[in-house]
Amino acid sequence: MSISAAFFVQAQDISVIRNSIDVYSNTPMVGSSKFNAMVGSNGALGGDATSLLTNPAGIGVAIAGDVSGTLSVVNNKNTSSLAGSSINYNINKTNVGNVNGVATFQLMTETPWKFINVAANISTTSIEDYIESPGNSNITIAKSLVDQGGNNVVGNLSYLGHAYNRYGTQTKFNVGVGANYNNTWYFGASLNMHGVDMEQYDSAVLGLDLDKSVTTFDKQYTPYSENSSGFSGSIGVIGKMSNQFRLGASIETPTWWTIDRAYRDYYDGGDGIYYDNFVEDRSFRSPMKATISGAFVPNKNFAINVDYTLGLTKPRYQVQGDAETELNSFFNDNYKNLSEVKVGAEYRIKALRLRGGYSYASSPFDSTTISAFSNTGTVADSNYSNFILGDRSTIGAGIGYDFGSFYIDAAYQNMTSEYKNPFLAGYEFTNYNTGYYSGDFDVTTPSSVVSDVKNIRNNFFVTLGWKF
């Protein structure tokens with residue numbers, strides 16, 4: 001695994017790995033306030049269009065039309081720590097996070113088929129993220145330079161800080177159909193269309209001891225932007241084992257992405273560092289996922305649902321050169337299949353609704369060994385768990401009131417995750433290197449600096465809906 005991880009940084013920025021999983025393999029799961037309060041756990045319950053996000057068979061459960069819109073207010077806070085220092089950064093975003101609707105068609109026949117329903121859902125979320133790590137002057141990189149007199153000298157560059165900066169929006173649009181067979185079996189299928197618009201930056205601040213200068217360096221191939229589209233499909237079933245127990249199962253195919261990418265390539269022009277902008281396209285396939293669900297509904301006032309989702313395949317890029325080969329090698333050796341459990345419940349007191357939920361998703365990467373700087377500046381092979389992305393816990397709570405034809409719901413989510421954040425590593429080859437560049441010279445080191453990042457997201461949602 002250490003060979004695979006080290007080989008990867010020869011041609012790629014770590015942010016490419018992070019975005020491959022965090023963005024392209026985790027589509028938006030922003031639903032209505034009810035859905036969000038129950039942390040998305042509705043795989044065996046269904047009943048509205050948010051079922052398209054978990055199990056499209058839930059569309060068949062609906063017996064009345066429903067349309068709703070949800071306002072999302074999201075706070076994203078990263079705390080990055082290194083060598084006893086920490087930097088906090090908050091991002092606040094407000095947008096229309098979800099709009100969905102289901103139309104029901106009761107079949108007035110004597111066959112066991114009771115309803116054929118159609119539904120649509122669109123979820124939108126900001127993927128803006130900023131991770132700024134503190135400096136540590138104990139970490140130095142030797143660099144051979146030519147002084148003003150034309151003499152070769154060796155200077156030491158001390159590490160003073162680093163930042164990832166990502167902007168963008170991600171959307172998922174679902175259309176599906178569900179069917180009710182004898183009020184016992186429910187079937188569904190959906191087509192899912194995905195979109196991402198993203199910009200990514202990676203920069204490091206280094207100080208040179210020869211002239212006491214402080215300079216900001218940009219990672220090779222950054223900044224870059226990606227405009228991407230993809231599609232996937234889902235099928236599902238729900239069975240009512242008794243009046244109180246329901247079981248559900250669904251499968252979502254991989255998402256096949258087409259990524260249009262623009263990036264900056266730096267080079268030494270002899271009298272300074274220059275760059276050119278390039279464009280390319282990539283094809284990426286996210287993992288296939290399966291979900292099994294169980295629900296207990298003892299009466300009309302209470303329901304509890306449990307979902308378990310497991311990844312069945314690994315992410316993969318279509319090979320067009322060495323970069324995609326290295327990415328696939330890293331995923332083959334270090335990626336572990338998605339595993340997530342979600343529990344959600346709702347309790348009704350006449351027209352009042354009380355909801356809550358909890359989910360846990362495991363880290364998508366195995367423990368990984370890389371060459372890394374310690375806080376004292378020494379270099380050694382080090383093993384890290386929660387590498388690049390970590391375990392994620394989500395707590396949800398919500399309240400709602402049903403006015404008859406109209407309803408209003410509110411929800412709150414708290415999401416926490418901790419992970420190891422590697423950066424700064426790059427390699428030098430005969431004709432190019434993958435280090436960091438300023439206007440004067442490049443800097444390359446095969447070892448990473450690794451900070452500890454704690455991410456906390458506090459999300460608030462308000463939904464207005466109409467039943468018809």
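Which residue in the turn of the β5 and β6 hairpin has a positive phi? The residue is asparagine 182, with a phi of about 60°, and three residues lie between the two strands of this hairpin. The model under discussion is predicted.

**Pairing around β5**

Strand β5 covers residues 152-181 and pairs with β3, with β4 and with β6. The table lists these pairings.

| Partner of β5 | Residues of partner | Sense | Bridges |
|---|---|---|---|
| β3 | 113-126 | antiparallel | 13 |
| β4 | 129-146 | antiparallel | 14 |
| β6 | 185-208 | antiparallel | 24 |

Serine 126 has threonine 169 of β5 as its bridge partner, and glutamate 132 stands opposite alanine 163 in β5. Histidine 162, in turn, has its bridge partner in β6, namely alanine 204.

Strands β4 and β5 also form a hairpin, with five residues between the strands. Here glycine 150 takes a positive phi, near 85°.

**The largest pocket**

The largest pocket has a volume of about 1200 Å³. Its lining consists of 43 residues, and those nearest the centre are Lys34, Gly46, Gly47, Glu346 and Arg348. By class, the lining comprises 13 nonpolar, 17 polar and 13 charged residues.

How values were computed
Residues numbered from 1 in each chain as written. Predicted model: local features only at pLDDT ≥ 70, side-chain atom pairs only at ≥ 80, totals over all residues. Heavy atoms only, no water. Pairing = 2+ DSSP bridges. Helix = DSSP H or I, 4+ residues; strand = E, 2+ residues; numbered from the N terminus. 1 Å grid on protein atoms, 1.4 Å probe; cavity = no way out; pocket = protein on both sides within 12 Å on 5 of 7 lines; lining within 4 Å. Points joined across faces, edges and corners; volume = space filled by probe spheres on them. Nonpolar A, V, L, I, M, F, W, Y, C, P; charged D, E, K, R; others polar.
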